[in-house]
Amino acid sequence: MSESTHEWWQSAVVYEIYIRSFKDTNGDGVGDLDGITEKIDYLSETLGVDALWVTPFYPSPMADFGYDVSDYRAVHPLFGDLAAFDRLVARAHEAGLRIIVDFVPNHTSYKHPWFTESRSARETARRDWYVWRDPRPDGSPPNNWLSVFGGSAWEWDENTGQYYLHSFLKEQPDLNWRNSALKSAMYDNMRFWLDRDVDGFRLDAVMFMMKDPEERDNPSNEDQAALMHKSLGAYDAQLHHHDQGHPDIHGVFREMRAVLEEYNGPRIALGELHIYDPVRLVAFYGERMDELHMPANFGLLKVPWTAAGVRALVDNLEAALPDGAWANYVMGNHDDQRMASKRGEEESRQAAVLLLTLRGSPTLYYGDELGMREAEVTPNQIRDPWGIAEPHLTRDGCRTPMAWSPSQSAGFTSADEPWLPLSSDWADRNVASQLDDPDSYLSLYRRLLTLRKQSPALRMGTYRALDAGPEQCFVYERMHETERVLVAINFSSEPRSIDLADFHGRIAVSSDRPREGGTVAGSLALGAHEALILV
Ligand code: GLC
Ligand code: CA
């Protein structure tokens, strides 16, 4: 690996922007494209990330807040228009930032004209673009598949006397990826955005795109406790062997990759698939590295937060990664609890050090750089359709407005009420207040991102875990040519001392103590829950 063979996306820190909550410029309480454009300097200079993943901004009835697309080639007026999108891309590129857009291939909105046509009659040309099936003889759904968001995955359509399949809401009918005309139409939709110069796609819910062609019933799940996933409620009562993840998905990924390669780039595919077994996960890079550039790795969201747990996660992934495959790590996103709430104060600071020093491209969720916490969302404030169905699963708490300043509505909007409430600690945890405070989360993230930019070892060096660490410490080395960086993380609530016989250097970053610049030789004292980077 060298600077010349290392591609932009292998060095990139990807920053996820949940568009509704980033910055509102027209006072309607909802974030928009111009809001992102307005904050490009913050993103590229103040913070120093490299690529933005922008969640869906397409026309949509908003049953699932944009993950129900009714037109793949336009912008919802709530977020702006195509000219606003072009301005964003131009401004981002000028500042050296890449733009990755969300693409939702598994399903459309039920209001998409394709579905309107498809459901109008059995004989229509686009009937087969969705999944329509006859009922069982007793009138019940064709099989036992469930919707992630609750209930059967089949919805009865009176007009044509068949059921249609929806892996998510009934307002999100699944597309039929075994139909070649549908595939071509979707690839053309990707080209539409590639022609507007996007640098890649975050591909939504891709494992659902290919199902068992025989559409067999899922077996029941006898082993609830062994599941690593957060409980999805009734959905977990089945093993999802047949309603997703059929190996034919590999062929679709190869075709999508070929579309990306029609363009100068590289333009990348970052796929959303929730697979926690590294051996299964890495299959989606493709046997010839011709599928997803990066199958998203959500392991850090679920791992037990111990030195042994985290080390095993990283070592197992490293061992499974085939030649030419490049890892990535996700520490937060719009479907999961915020890191600062899930892990706690000190732990989320060490998590930041970990995320930005592992070998692979990190994905950072907006607001996590402020240590933003889950907002309290009262039952009558719940907006997430999943939360409306199953309140304990609501994702609203991690989707609340970005806090920019201590002024009204945290500088997010001029409206009296943003679309979701602000996190309760916004008066302290906001960009303006944290900027001048050297102990703040934001200052820590800025130091980490600056160091990462300057350090080839951190961006592309090798990774090796060291056994030197005492119990509950995870110590690893990143190396590139002659540059060596050590990372030492103490997961325990007691101080620890590490023997570093062959190391002489200095502390580049501490997660929570003012000891940067201090020299280290021979041994290293780590505070409780402290994480250090040594250079
Ligand atoms: C993905 C998205 C999630 C959405 C779902 C259905 O998991 O991340 O937010 O609800 O797909 O599109
Ligand atoms: Ca707005």
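Let me begin with helix 12, which covers residues 345-355 and which is largely enclosed by the rest of the structure, because nine of its 11 residues are buried. The buried positions start with Glu347, Ser348, Arg349 and Gln350, and they continue through Ala351, Ala352, Val353, Leu354 and Leu355. Please keep in mind throughout that this is a predicted model, and that every value I quote is computed from it.

How does that helix sit within the chain as a whole? The chain has 16 helices and 17 strands. Its radius of gyration is 23 Å, close to the 24 Å that the globule rule gives for 535 residues, and the chain is therefore as compact as a globular protein of that length. Along the principal axes, the C-alpha trace spans about 75 × 50 × 45 Å. Of the 535 residues, 62% count as buried, and, if we take the contacts with a separation of 6 or more, residues 24 or more positions apart account for 67% of them.

Next, the metal site. Which residues donate to the calcium ion, ligand 2? The protein donors are Asp24, Asp28 and Asp32 through OD, Asn26 through OD1, and Val30 through O, and they lie 2.3 to 2.4 Å from the ion. Read along the sequence, the spacing of these donor residues is D-x1-N-x1-D-x1-V-x1-D.

Finally, I would like to look at Met372, which lies in the loop between strand 11 (361-365) and helix 13 (385-389). Is Met372 buried or exposed? Its relative accessibility is 2%, so Met372 counts as buried, the cut-off being under 20%. Setting aside neighbours within four places in sequence, Met372 is in contact with Arg338, Ala340, Tyr366 and Gly367, and also with Thr400, Pro401, Met402 and Ala403. Gly527, by contrast, is 155 residues away from Met372 along the chain, and the C-alpha atoms of the two are separated by 24 Å.

Notes
Residues numbered from 1 in each chain as written. Chains lettered and ligands numbered in written order. Predicted model: local features only at pLDDT ≥ 70, side-chain atom pairs only at ≥ 80, totals over all residues. Heavy atoms only, no water. Helix = DSSP H or I, 4+ residues; strand = E, 2+ residues; numbered from the N terminus. Rg over C-alpha atoms; globule rule 2.2 N^0.38 Å. Buried < 20%, exposed > 50% of the residue type's maximum accessible area, 1.4 Å probe, protein only. Contact = heavy atoms within 4.5 Å. Donors = N, O, S within 2.8 Å, 3.2 Å for Na, K, Ca; no water.
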